[in-house]
Amino acid sequence: MADVMIRVPAEVRDQLAAVAEARGTSLRALMREIATQTLTPEQIKARADRTRALLAERFGHDVTDEESAEMRRKMREATAAHRAALAEAESSR
C-alpha cells in the first residue's frame, strides 16, 4: 500500500482527527472511507443514468431534465439547511 502525504491547515487536521476518534477509527481509515464514498463526476452521471433507467423500467416514469434539476436544487437546499442546523447546534454548546 502506498502512502501519500496531504498538507491541510491544522484546523482541518484536527477536525479529521476528532471525527476519526469519535468513530473509533484511525485517521488513515477515515481518509480511506472518505475516498471510497466520494464519487467522481463520471460516477455520479452513471449512477443517475442507472436510477433513471430503474424508474422508467419499474415505475414507467421517465425523469425529465427539468425534474432532475429540481430534485438537485431541493437536495442542495436540504443539505444547506442541515449544515446550518448542525453549525447552530455546535455553536450553542
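Me: A helix here is a DSSP run of H or I with at least four residues, and helices are numbered from the N terminus. With that in mind, and remembering that the model is predicted, by how much of a helical turn are Asp-49 and Lys-45 separated in helix H3?

Reply: The side chains of Asp-49 and Lys-45 meet in a salt bridge, with 2.9 Å from N to O. Both residues belong to helix H3, which covers residues 41-59, and because they are four residues apart there, their separation is about one helical turn.

Me: Is Asp-49 buried, partly exposed or exposed?

Reply: Residues count as buried under 20% relative accessible area and as exposed over 50%, with partly exposed in between. The relative accessible area of Asp-49 is 38%, so Asp-49 is partly exposed.

Me: What pattern does the protein chain follow when it is read along the sequence?

Reply: The secondary structure of the protein chain comes to four helices and zero strands. Reading along the sequence, one therefore finds the pattern α-α-α-α.

Me: Is the protein chain more spread out than a compact globule, or less?

Reply: Along its principal axes, the C-alpha trace of the protein chain spans about 50 × 40 × 25 Å, and 4% of its 93 residues count as buried. For 93 residues the globule rule gives 12 Å, whereas the radius of gyration of the protein chain is 19 Å, well over that value, so in comparison with a compact globule the chain is more spread out.

Me: Are helices H1 and H2 roughly parallel or roughly perpendicular to each other?

Reply: Helix H1 (residues 10-23) and helix H2 (residues 27-37) pack with their axes 9 Å apart, at an angle of about 95 degrees. Angles of 65 to 115 degrees count as roughly perpendicular, and therefore the relation of H1 to H2 is roughly perpendicular.

Me: How many nonpolar residues does the contact of H1 with H2 have?

Reply: From H1 the contact is made by Leu-16, Ala-17, Val-19, Ala-20 and Arg-23, and from H2 by Leu-27, Leu-30, Met-31, Glu-33 and Ile-34. Sorted by class, this contact has two charged residues and no polar ones, while its nonpolar residues number eight.

Me: How far apart in sequence are the parts that Arg-28 and Asp-3 tie together?

Reply: Arg-28 forms a salt bridge with Asp-3, and their closest N and O atoms are 3.0 Å apart. Since Arg-28 lies in helix H2 and Asp-3 in the segment before H1, the pair ties together parts whose distance in sequence is 25 residues.

Me: Which residues are linked with Arg-73 in a network of salt bridges?

Reply: Side chains of opposite charge can pair when their charged atoms come close. Arg-73 forms a salt bridge with Glu-77, their closest N and O atoms being 2.3 Å apart, and both lie in helix H4 (residues 65-91), four residues from each other. The network holds a further residue besides this pair, so that the residues linked with Arg-73 are Glu-77 and Glu-70.

Key: Residues are numbered from 1 along each chain as its sequence is written. This is a predicted model: local features need pLDDT of at least 70, side-chain atom pairs count only at pLDDT 80 or more; totals for chains, interfaces and linings use all residues. Side-chain values use heavy atoms; hydrogens and water are left out. Axes are lines fitted to C-alpha atoms, for helices over the stretch in contact, and angles run from 0 to 180 degrees between N-to-C directions. Helices (H or I, at least four residues) and strands (E, at least two) are DSSP runs, numbered from the N terminus. Angles under 35 degrees count as roughly parallel, over 145 as roughly antiparallel, 65 to 115 as roughly perpendicular and the rest as oblique. Contact means heavy atoms within 4.5 Å. Ala, Val, Leu, Ile, Met, Phe, Trp, Tyr, Cys and Pro count as nonpolar, Asp, Glu, Lys and Arg as charged, and the others, Gly among them, as polar. A salt bridge is a side-chain nitrogen of Lys or Arg within 4 Å of a carboxyl oxygen of Asp or Glu. Buried means under 20% relative accessible area, exposed over 50%, partly exposed in between (1.4 Å probe, protein chains only). The radius of gyration is taken over C-alpha atoms; the globule rule is 2.2 Å times the number of residues to the power 0.38.
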